[in-house]
Each structure stands twice: as C-alpha cells, then as structure tokens.
Amino acid sequence: MSEKQMTMPQLGESVTEGTISQWLVSAGDTVKKYDPIAEVTTDKVNAEIPSSFEGKIIKLHASEGDTLPVGEPICSIEIAGNEATGEAETTTEAAESRQKTKQSMKKRYSPAVLRLAQEHDLDLEKITGSGRDGRITRKDVARFLEAEPAQASENLNPAAGMQPAASAGGYAGAVAGQAAAPEAKHSAIKSEAGDRVIPLTGVRRAIAANMLRSKHEIPHAWTMIEVDVTNLVNYRNQVKNAFLKKEGHKLTYLPFFMKAIVAALKEFPRMNSTWAGDKIIEKRAVNLSLAVASEDALYVPVIKNADERSVKGLAFAVDELAARVRENRMSPDDMQGGTFTVNNTGSFGSIQSQPIINHPQAAILSIESIVKRPVVVNNMIAIRDMVNLCISIDHRVLDGLITGRFLARIKELLENVNPENTPIY
C-alpha cells in the first residue's frame, strides 16, 4: 500500500487558485480512478475534480469553502499495491466494502443540501440522488422542488420545523479567499420569520468575488451612444425566414452587432487590451466573451477568433454557447481567453445599463433593446429603429478619445448594414 496526494488542479491558463465548494467524498470512502471527488469553483468556471487514483480516501486537507492555490494538496489517497500495474481490485471483500460505502453516501448530505431541506421542510429520504453512489446534490433538491411542488409540501420533515434556520450572515461568513473580508461585515444580518434563506452556490460565490475584484481594482468609466439600426432591422427581416429554413437556426440581431464590434476592435486594438501592472498588453486574438444567463448564475463563455467568423458563424457560435450553458455542459476551456465582453441586455428589454468590466479585460459593451423612436432625419421627423450601446472601460487603459472613436466606428458600420457590404456567409 502507498499514499498519494491529490492537489488543486489548474482549471485554466490564468487560474491561480480554486475554492472547494463541495466535497463528494469523505475520509474512509473508496474511490475509483476518475470518480468525481469534489466540486471546485474558480473565477472562470465551476467543475468537478476526478480522482487520479483508485484507493481509499485517508484525509481531506481542506474544508468546503476553503480557497487553495494551484498545486496545494487537497486530499490523501491510500493506493492499493496493484494500482501501479493498472489492475483493478476485484476481491469479494473489496466489492462488499464498496457496497457499504454506497449506502453511507446516500445519507451523507452537504451543508447546501441540508439548508435547502430545512428551508423547505423536506424529507431527504424521499429524494433520489444523482451524485456518486446515489448521493443527493443541491441540484437534485432544486429539481425536486421545481418539478414536484405539491409533493414537496406533502413530504414535510417533522423534525425540520424544530431546527433553527441558517442565517444568511452565518453562511456568508464561511466564504473563504478574497470574498471573505468584504462579506464579514454582513455577519450581523439575521433572517426573520417568513424570510427565504438562499445558500450561496459555488458559481454565485465566484461571480461575487470576480465582480468585487473588478470594482475594487478597475477604475470604471462609462459612456453611451445611440445608433439608428433601421437598415439592420429591415435587412434581417428580409433574410431571417430563408436563413431559418436553410440553416435550422434563428438569425437574431446579435451576430450583426458582434460582427461590427469585432471589425472595430481590429481597427482599434487598444480596446482589446488588458492592464498588466507596469504595461498594457494589446491582445492579438479577438476573442469575444458573451454574457449568458442561466436560471441562477451568469456565465461568460468565449467565442475564439471571432474576427474570423461570418455573421452565420457568429450566430451558430452564440446558439452553441447558449445550449452549453442551459445543459450544464460548460468546460474550463469554454471560459478561457476572452479579450472583450459583449452583454446582450436588450434581450430583457433594457434600454440603458452600466455593466461591470469582466476582469482582467479593459472594456465591456452592452447592447440594449431596439425600440422605435421619433428622430429627426433630414430636418423631418421620422420613426426609426434606435438602439443604445453602453460601454464601461478601464480608465487605466482607455480614455474617452479612443473609446469615442471606437463607438463611432461601430455606429457607422451598423447604420450602413445592407446586402452588399454585410454578407451573411
């Protein structure tokens, strides 16, 4: 027998640390190679860590909520002698031990699961777990509540009503790393009767930490420009049905905006930069980060080399990323390498917003809702399709002059959209 240590992996090229959001194993558990052992959250992605070995968990070196640097040990595993030869343990005793482990895992609940059960007075014995060896996860509880609200109310756990509800402040106080200090001042906030206490997920913690870091480190400046996109609206209306029939995808306005944005980024590379302490780095690749919302979180996956894609290519890329977010198929690579962020707030009907920069990028642009407004054209009042483009910039990297020129170029490209100079393919 020998002992091996698993360390915090590097889940991305610029990731230096990760937070253990949930352990999926405990000391004494037997695991197979590639079995998920923990959920880890970084400022880029939320992912499961698979075991690198087959054996028994001896010790967990970190608690849920702890933030560890890449390479720091997270757990120790006792490896069977035949692990080195790649032979699996096949004895009857080992199989039986595994089956006892399976039974115990079903009743081993994470703090997030327990809090949800207490909040909704649920009997966890009634819920089928989808985790390793049948363990009930937070998503299992959420699905149960969403799909069976009536059943959930019938399956009351009589003991749950006698237990004190977890306070929001108490849970926030457990958050480690860069979010710990700012959240500490909320420790005195208590929930009252009738309040709904929502435990922080790993993704929500990562969003909070990254947004806080962005606002603390980056001096934000903001401006807005309005654009007449009547030509774009007419053009898209002319081709959308044929595009859907031919390609099987809807043609929205977003890829047209993205095409204009990447063209302007190529002309104004300073907008495609990052602050590096003692220097500014203009990125060669134009990789568009796209803010995509799920039910309870915001992801920012990346379209690599967006400047090399046609309107059709951008439309397909947007659909694929949105599907990955909805189906929880995001990988660390999907979130890496973004150089400029686009936020399609107009899809919610917003007409003006002030987005927070996606650290360590230098700018984020929000595309607001297209609305019909009376405007003056050639000294006459006309009804036109208008849209506001709102941009937040890192004032260490960018000034009003270059930002204004950048927005003016986007405006020019969008206002002159037509079949001749804006091909779909």
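At roughly what angle do the axes of helix 9 and helix 11 cross? The model is a predicted one, and in it the answer is roughly 135°, with the axes coming within 9 Å. Helix 9 covers residues 254-267 and helix 11 covers residues 400-415. Two packed helices are described by the angle between their axes and the distance between the axes. An angle over 145 degrees would count as roughly antiparallel, and one from 65 to 115 as roughly perpendicular; helix 9 and helix 11 are therefore oblique to each other. Their crossing is right-handed.

The residues that make this contact can be listed from each side. Helix 9 contributes Phe256, Phe257, Ala260, Ile261, Ala263, Ala264, Leu265 and Glu267. From helix 11 come Phe406, Arg409, Ile410, Leu413 and Leu414. Sorted by class, the residues in the contact of helix 9 with helix 11 are 11 nonpolar and 2 charged, with no polar ones.

Helix 9 also meets helix 10, which spans residues 311-326. Here the axes come within 9 Å and cross at roughly 120°. That angle makes helix 9 oblique to helix 10. The crossing of helix 9 and helix 10 is right-handed. On the helix 9 side, the contact involves Leu254, Pro255, Phe256, Met258 and Lys259. On the helix 10 side, Val311, Leu314, Ala315 and Val318 take part. The contact of helix 9 with helix 10 holds 8 nonpolar residues and 1 charged residue, and no polar ones.

The next topic is the aromatic rings. The count of aromatic pairs is 3. One of them joins Tyr235 and Phe256, with 5.9 Å from centre to centre and 65° between the planes, an edge-to-face arrangement. Tyr235 lies in helix 8 (residues 230-247) and Phe256 in helix 9, so that the pair links distant parts of the chain, 21 residues apart. Tyr235 and Phe256 are both buried.

Another pair is formed by Phe340 and Phe406. Their ring centres are 5.8 Å apart and their planes stand at 65°; planes over 60 degrees apart count as edge-to-face, so this pair is edge-to-face. Phe340 belongs to strand 16 (residues 340-343) and Phe406 to helix 11, and the two are 66 residues apart, in distant parts of the chain. Are these two residues buried or exposed? Phe340 and Phe406 are buried.

Terms used
Residues are numbered from 1 along each chain as its sequence is written. This is a predicted model: local features need pLDDT of at least 70, side-chain atom pairs count only at pLDDT 80 or more; totals for chains, interfaces and linings use all residues. Side-chain values use heavy atoms; hydrogens and water are left out. Axes are lines fitted to C-alpha atoms, for helices over the stretch in contact, and angles run from 0 to 180 degrees between N-to-C directions. Helices (H or I, at least four residues) and strands (E, at least two) are DSSP runs, numbered from the N terminus. Angles under 35 degrees count as roughly parallel, over 145 as roughly antiparallel, 65 to 115 as roughly perpendicular and the rest as oblique. A crossing is left-handed if the near helix is turned anticlockwise from the far one by less than a right angle, and right-handed if clockwise. Contact means heavy atoms within 4.5 Å. Ala, Val, Leu, Ile, Met, Phe, Trp, Tyr, Cys and Pro count as nonpolar, Asp, Glu, Lys and Arg as charged, and the others, Gly among them, as polar. Rings of Phe, Tyr and Trp (its six-membered ring) pair if their centres lie within 6.5 Å; planes under 30 degrees apart count as stacked, over 60 as edge-to-face and the rest as tilted. Buried means under 20% relative accessible area, exposed over 50%, partly exposed in between (1.4 Å probe, protein chains only).
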